[in-house]
Amino acid sequence: MIEFKIDSLSDNLNKELQEKIDTKTKPIGSLGMLEKIAFQLGKIQNSLNPTINNPNVVVFAGDHGIADDGVSFYPKSVSYQMLYNYMEGGAASTVFAKQHGIKFNVVDAGVDHDFDPSLPIINRKLAYGTKNYRLEPAMTKEQCLEGIKRGAEVIEEIHQNGCNFIIFGEKGIGNTSSASLILSLLGDISLEECVGRGTGLDKEGVKSKFDLLNEGLSKYNQSKDPIDVLTHFGGFEIVMIVGAMLKAAELKMTLLIDGFIITSALLAAFKINPKVKDYCLFAHKSNEQAHIKMLNIMGGEPILDISMRLGEATGAMVCFPLIKSAAQFMNEMASFQDAGVSEATEEI
Ligand SMILES: Cc1cc2ncn([C@H]3O[C@H](COP(=O)(O)O)[C@@H](O)[C@H]3O)c2cc1C
Ligand SMILES: O=C(O)c1cccnc1
């Protein structure tokens with residue numbers, strides 16, 4: 001396993017950051033959550049003037065053997081078809097990236113399809129999809145560790161281009177199933193409480209999804225080691241995201257966390273090194289029912305709750321302008337002193 005050295009965040013600037021926020025020309029606390037975001041950005045960057053430089057989104061895509069069992073409302077082929085949709089700029093993810101000026105990257109982590117090498121898809125394919133973990137481990141331990149390494153390498157390249165703000169996305173039919181199993185094992189929560197509708201299963205569909213996943217879980221040795229869990233139940237896109245997150249934190253980037261699947265990758269990364277969480281902002285609470293349980297385990301406070309359940313980093317991207325506003329007010333708003341505005345009277 002490659003080593004990740006993630007620094008603890010320093011508390012040195014805490015007082016000054018809070019003072020800077022409180023002395024802006026506004027009632028104390030009146031910018032609500034934006035104030036918390038600005039504080040966290042300042043802490044991550046160890047600066048009173050945090051900036052968002054060259055923001056990137058990177059969507060990792062992979063196929064899942066379990067999808068052949070019908071755990072999703074949609075067929076496996078949607079995974080590769082959506083990558084062509086990205087190429088045309090027609091997916092929610094590409095539309096929002098364009099809207100917000102976020103550079104869009106897509107990585108083939110293990111899609112069951114051959115893409116023409118001339119397409120702007122970063123090829124880090126580990127295999128043509130995982131094995132069906134109802135019957136056998138999704139991947140080998142070597143593949144899992146190689147995936148973590150490849151994910152880290154992708155982030156290193158993006159960082160070299162001057163990016164300090166990274167958004168992760170995923171694409172892979174059946175991957176809410178992996179995310180549920182990861183939550184159940186790493187969060188010590190019964191599987192039943194972790195399974196949800198994904199792309200839109202009805203009650204019966206969710207029951208059948210649970211039965212299939214439970215069959216896989218009953219054949220597993222129940223190890224809670226994050227690498228064992230990822231090897232057995234992961235997706236190639238999920239393991240690459242784990243490596244990408246750990247590397248991004250090592251590089252002191254800010255990570256904007258999307259929905260259920262991305263948070264399951266963060267939970268695994270958190271079990272490898274809990275410091276990764278300090279570099280994160282949590283964009284939204286997904287409508288996938290167990291997402292909030294994941295957030296609670298890590299103490300992640302979601303910024304938005306607007307009933308989204310799409311993935312592909314879409315929840316994070318719609319939240320992005322709020323993060324920008326937080327950085328902007330820190331850098332551009334006048335203080336009471338700058339503007340000659342009277343501060344609150346001490347006694348009323
Ligand atoms: C057209 C389409 C676009 C998507 N974009 C993201 N997902 C999301 O849904 C899938 C996970 O849900 P499940 O586990 O139920 O398959 C993933 O591909 C995820 O990215 C999509 C799903 C579909 C159908
Ligand atoms: O919250 C998510 O990321 C999510 C939920 C359902 C389906 N796909 C993604």
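**A guided reading of the predicted model**

Asp 188 lies in the loop between α6 and α7 (191–194), where helices (H or I, at least four residues) and strands (E, at least two) are DSSP runs numbered from the N terminus. Asp 188 has a positive phi of about 55° although it is not a glycine. Most residues other than glycine have a negative phi. With 9 C-beta neighbours inside 10 Å, Asp 188 counts as exposed; a residue is called exposed if 12 or fewer other C-beta atoms lie within 10 Å of its own, buried if there are 20 or more, and partly exposed in between, with C-beta atoms placed from the backbone.

This is a predicted model, in which local features need pLDDT of at least 70, side-chain atom pairs count only at pLDDT 80 or more, and totals for chains, interfaces and linings use all residues. Residues are numbered from 1 along each chain as its sequence is written, while chains are lettered from A and ligands numbered from 1 in the order in which they are written. The protein chain averages a pLDDT (the predictor's confidence in each residue, from 0 to 100) of 98, and 99% of the residues score at least 70. For the complex, the predictor gives an ipTM of 0.99 and a pTM of 0.98.

Asn 46 sits in the loop between α2 (33–45) and β1 (56–62), and it is partly exposed, with 14 other C-beta atoms within 10 Å.

Turning to the whole chain, the secondary structure comes to 14 helices and six strands. The radius of gyration, taken over C-alpha atoms, is 21 Å, close to the 20 Å that the globule rule gives for 348 residues, so the chain is as compact as a globular protein of that length; the rule itself is 2.2 Å times the number of residues to the power 0.38. Buried residues make up 52% of the 348 residues.

Leaving aside residues up to four places away in sequence, Met 245 touches Phe 168, Leu 255, Ala 265, Leu 266, Ala 269 and Val 276, where contact means C-beta atoms, placed from the backbone, within 7 Å.

Around ligand 1 there are 18 residues, of which the closest are Ser 72, Thr 176, Gly 198, Thr 199 and Gly 311; a residue is counted here if its C-beta atom, placed from the backbone, lies within 6 Å of the molecule. Two or more residues of this shell come from each of α3 (78–88), β4 (165–171) and α6 (175–187), and α6 gives the largest share, three residues. By class, the shell around ligand 1 divides into six nonpolar, nine polar and three charged residues, where Ala, Val, Leu, Ile, Met, Phe, Trp, Tyr, Cys and Pro count as nonpolar, Asp, Glu, Lys and Arg as charged, and the others, Gly among them, as polar. Ligand 2 is surrounded by 13 residues, the closest being Gly 259, Phe 260, Ser 286, Arg 309 and Gly 311.

How values were computed:
Two residues are in contact if their C-beta atoms, placed from the backbone, lie within 7 Å.
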